[in-house]
Amino acid sequence: MSDSEPAPDPAVDDGVDGEGTLSRPASDRPPYVESTIIMTTVRVIAPFVLTLGAFVMLHGASSAGGGFQGGVIAATTVVMLGFAFGIEPIAAHLRNEHLALLVLSGVGTFLIVGFGGYFVGGNFLQVSGYETLFKDGSKYSIELVEVGIGVVVSGVITGLFFLLGTGVDVGADDSDSEADR
Amino acid sequence: MSLSVPVAVVLLFMLGSALAAAVLRDVVGSIVAFAGYSFGVAVLWALLRAPDVALTEAAVGAGITTVLFLLTIARTSVSRSERFEGISLRSGLAVVAIVVTVGATVPALPPVGASGTPVLAGDVSQYYLTNAYDQTGVTNVVTAVLVGYRGFDTLGEVAVVFAAGVAMLLVLRREAFV
């Protein structure tokens with residue numbers, strides 16, 4: 001990853017020894033280096049990582065794991081793709097509405113299961129109430145909540161990855177916001 | 001307190017990587033050392049038979065946090081003139097003070113795995129261990145407690161994760177993730 005980045009250009013340093021500059025313009029950043037080995041490896045293992053994430057998410061009720069862990073592992077797929085193929089090209093394939101929908105649907109699932117507790121004769125988030133609806137109701141509602149958690153976590157982590165990877169151009173941001181006003 | 005060899009090795013590794021993370025001048029090296037420390041913690045949880053926590057630590061602490069740190073540090077320029085951070089007398093004293101203060105609480109803790117600790121002998125944990133499967137149908141007690149018994153806490157955690165995404169958008173003054 002960044003270990004292999006070229007040593008920073010001495011001209012970038014602003015002359016103060018031992019002090020770094022707070023932000024570095026995009027032109028000075030180490031460029032994305034295309035590597036056949038990394039691309040091939042990621043292409044091969046990405047489906048398996050995504051499967052592992054889904055497994056950890058869905059199997060959290062019966063073994064170690066759960067929504068938080070599974071969501072992070074699932075989001076790692078996107079992170080790996082970003083490192084292998086460049087963050088901007090991957091970001092171009094994603095749409096903000098999809099990510100936002102992912103996050104909101106996860107929160108919504110949790111809340112629906114929570115408020116559904118009232119309608120099956122219990123309290124907020126009382127999953128045992130779902131036993132009256134169908135067999136093993138509490139188990140499946142717990143699974144559903146775990147999937148909701150996983151979806152929220154994976155969506156937010158993917159979003160953070162792209163925000164930090166593409167978004168912190170201080171100069172460009174300032175001119176943008178001033179143009180907006 | 002008995003210390004098994006694997007646990008001792010992992011603790012040594014954690015100590016070394018924590019020191020490296022603190023004194024390395026190169027920020028990328030420091031981040032990698034920090035990831036190694038997190039990985040050591042994850043292995044320690046696994047050795048202490050807490051696989052749920054170990055999985056979380058490995059995925060979040062060692063994995064995604066490192067990636068986010070590296071992405072952030074790629075946005076800054078750092079000179080690498082010296083190999084190690086100079087340690088001033090004041091910061092050394094502060095470290096010693098913190099270590100003594102925190103270390104003073106260690107004798108108050110029960111030994112690892114002692115049978116009389118509240119975690120093992122307390123009514124609440126015994127109640128969960130006895131009734132979790134019957135009441136929720138979930139074999140992993142951790143999940144049963146997280147969602148079945150303490151669902152409201154978990155809803156709060158999800159709200160925190162959600163807020164982290166929104167806060168990042170606000171800080172970077174953007175309206176879209178990608």
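Modeller: Helices are DSSP runs of H or I with at least four residues, strands are runs of E with at least two, and both are numbered from the N terminus. Residues are numbered from 1 along each chain as its sequence is written, while chains are lettered from A and ligands numbered from 1 in the order in which they are written. The model is predicted, and local features need pLDDT of at least 70, side-chain atom pairs count only at pLDDT 80 or more, and totals for chains, interfaces and linings use all residues.

In chain A, helix α4 covers residues 96-119 and includes F119(A). F119(A) counts as exposed because it has 10 C-beta neighbours inside 10 Å (buried means 20 or more other C-beta atoms within 10 Å, exposed 12 or fewer, partly exposed in between, with C-beta atoms placed from the backbone). G129(A) is 10 residues from F119(A) along the chain, and their C-alpha atoms are 8.7 Å apart.

Two other helices of chain A, α2 (residues 67-85) and α5 (residues 137-166), pack at an angle of about 35 degrees, their axes 7 Å apart. Axes here are lines fitted to C-alpha atoms, for helices over the stretch in contact, and angles run from 0 to 180 degrees between N-to-C directions. The contact of α2(A) with α5(A) involves 13 nonpolar, nine polar and one charged residue. Nonpolar covers Ala, Val, Leu, Ile, Met, Phe, Trp, Tyr, Cys and Pro, charged covers Asp, Glu, Lys and Arg, and the others, Gly among them, are polar.
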